[in-house]
Amino acid sequence: QASRMLARASALFLRPSASPLPFRGLSQVARMPSILFPTTEKGDRSTTTFTKEVFKAIATAMECPEVAEGIGREKDWRHKYNTHMETVVENLGVLSLTDTPLLEKALLAGLEKARSMDFEVAEGDLKSLKEAMAAGESKFETSTTKGTGELMKEVKIPYHGETLTGASLDSQCDLWAKVGTIEQGAADAIKSGSKKPAELKGRTFLVLGASSELGAVRPLLQAGCTVAAVMRPSEKRWGELTEFAKGTAGTLLAPVPRGSEQPGADLLSDGPAVSEWLLKLGQEAPGPVTLCTYLYADGEANVRLTAAADYIAEAVADKLGKQKVSFSYLVSGSTSHLIPDSAVRAQEENYTTASFWARTFGTRINYAASTEGARLWYTKKPDSPADYHFFRGLVVLQGPNYAVAQYMRLWRAMLLHMKGFTVSAPVTPNCRTDSVVRNATMKVLLEGAAYWKPLESFDADTARLAMFSILVSDLLEPATQVDSPMKIFTTKAFHSGLWRCPFELGSLGATTWVLGKVAPRPKPLP
């Protein structure tokens with residue numbers, strides 16, 4: 001039971017947090033307005049069939065027919081999807097190191113299938129989502145709020161009652177990197193980016209998911225940027241954001257439907273109009289532009305939102321070009337990645353120094369190449385053994401819809417990187433976001449995680465400003481050179497120590513909950 005609780009907690013606290021949307025079950029899918037899943041051969045709009053077809057398309061495109069056939073044969077997709085998806089993602093990692101043309105082909109095939117949805121213009125009036133997004137819709141006017149506050153010249157990060165800035169922030173970043181809670185590249189980026197947020201002044205940011213708890217909307221406004229914010233209509237949230245913007249050095253742009261005074265837009269129903277509004281603002285912007293995708297929704301709505309957002313990313317890239325536009329994503333810690341050799345060495349070291357209890361009851365994490373991954377590597381490099389390490393981060397309880405939505409964003413980020421665009425896409429930490437700590441069990445589990453070196457959970461305010469500092473670094477400094485497009489997620493990862501912890505978290509679930517309840521440890525001991 002405790003292991004299941006920890007897995008359920010992982011399904012929440014390993015994701016970039018955003019304003020949740022209500023879950024819509026399969027029984028409602030056929031009646032949803034706006035973006036709809038495609039109709040299957042049976043005449044329904046099954047998300048199970050859809051998510052299987054997306055990963056089958058990638059497996060087929062990367063010339064792995066056995067993998068595609070295995071996906072097609074799977075009868076218990078809801079509970080075994082993670083094994084199939086991680087095989088596909090691992091093979092993408094192999095191609096990223098050995099055959100980038102085939103990697104690009106596979107990524108495009110996956111996104112093409114994942115975006116093959118319908119758009120309901122009105123009840124019974126359907127067209128393809130691709131057609132609807134391309135046509136656009138002129139619906140929104142722009143409400144402008146110009147702040148009169150002082151320009152933020154240095155990022156100050158709250159951390160357990162302290163304010164980290166300058167030397168104290170540098171010291172803490174070095175400690176996090178030394179312990180293994182973050183990558184050294186993340187430490188360097190935070191130290192550098194935190195000292196020059198004011199250099200972003202004059203830039204324009206187009207933000208999908210402006211209510212995200214980890215998103216950069218508020219610090220961007222404080223840094224004097226123009227922020228075009230997309231989030232659903234909510235008098236309370238828009239009121240709070242507008243008031244905040246007035247006290248900053250930035251400018252807030254909000255979409256307002258013609259004939260209305262209430263700002264807000266919903267990608268599920270307003271996708272074509274949002275695309276046209278953001279493109280217009282991006283084209284009119286006098287300086288550099290960044291499209292930020294910070295979306296989250298519960299269940300299948302996450303996939304539909306991501307499909308619309310991906311069409312917008314593609315259109316913005318095509319219309320603005322890599323000299324003007326860059327891209328920002330926040331990557332969930334519960335996705336799978338190529339990880340550095342240093343992480344595996346640290347895992348071994350942490351195992352040898354772990355407690356007797358952890359070594360007795362904890363299950364070791366396996367980062368080695370799988371049989372399928374090694375086989376694909378051999379077809380590309382028959383003269384050398386598989387030379388990579390792979391973190392398998394999916395949590396079964398999250399479900400295939402969550403996974404597909406997350407991976408769609410990673411696939412687009414890799415394609416943009418391969419085309420020469422600047423892409424900021426660091427892995428995010430475990431966080432005490434509002435959506436997580438409202439659940440008593442998950443709140444307790446977060447407080448027990450720090451007993452397992454080098455894990456640490458973070459308050460949302462800490463994580464938001466740390467990730468913002470990484471974004472500043474990514475936009476203002478030369479890109480880190482990587483030998484694989486998949487490593488753009490790795491070099492500056494703020495993964496909370498997951499990549500260097502030697503144990504499967506679920507195997508220590510009972511102990512984690514008891515320790516978090518009886519002797520909570522918000523952060524590791526010195």
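Reply: Happy to. Let's begin with pLDDT, the predictor's confidence in each residue, from 0 to 100. This is a predicted model, where local features need pLDDT of at least 70 and side-chain atom pairs count only at pLDDT 80 or more, while totals for chains, interfaces and linings use all residues. Residues are numbered from 1 along each chain as its sequence is written, and side-chain values use heavy atoms, leaving out hydrogens and water.

Me: What makes residues 8-33 a stretch to read with care?

Reply: Over residues 8-33, pLDDT stays under 50. The model has 78 contacts (heavy atoms within 4.5 Å) beyond four places in sequence for this stretch. Residues 1-6 also stay under 50, with 14 such contacts. Where pLDDT is low, the predicted coordinates should not be read in detail. The protein as a whole averages a pLDDT of 91, and 94% of the residues score at least 70.

Me: How do you know whether Cys225 is buried or exposed?

Reply: Buried means under 20% relative accessible area, exposed over 50%, and partly exposed in between (1.4 Å probe, protein chains only). Cys225 has 0% relative accessibility, so Cys225 is buried. Cys431, at 1%, is buried as well.

Me: Why is the pairing of Asp270 and Lys139 called a salt bridge?

Reply: The term asks for a side-chain nitrogen of Lys or Arg within 4 Å of a carboxyl oxygen of Asp or Glu. In this pair the closest N and O atoms are 2.5 Å apart, and that meets the cut-off. The partners come from distant parts of the chain, 131 residues apart: Asp270 is in helix α12 and Lys139 in the loop between α7 and β4. (Helices, H or I with at least four residues, and strands, E with at least two, are DSSP runs numbered from the N terminus.) Asp270 is buried at 9%, whereas Lys139 is partly exposed at 26%. The structure holds 27 salt bridges.

Me: Why is the pair of Phe37 and Phe50 called edge-to-face?

Reply: Rings of Phe, Tyr and Trp (its six-membered ring) pair if their centres lie within 6.5 Å; planes under 30 degrees apart count as stacked, over 60 as edge-to-face and the rest as tilted. Here the centres are 5.0 Å apart and the planes stand at 75°, so the pair is edge-to-face. Phe37 is buried at 0%, and Phe50 is buried at 4%. The structure holds 16 aromatic pairs.

Me: How do you know that Arg115 lies over the face of Tyr311?

Reply: A charge sits over a ring if NZ of Lys or CZ of Arg is within 6 Å of the ring centre and within 35 degrees of the ring normal. Arg115 is counted as lying over Tyr311, at 3.9 Å from the ring centre. Arg115 also belongs to a network of salt bridges with Glu112, Asp310, Glu314 and Arg412.
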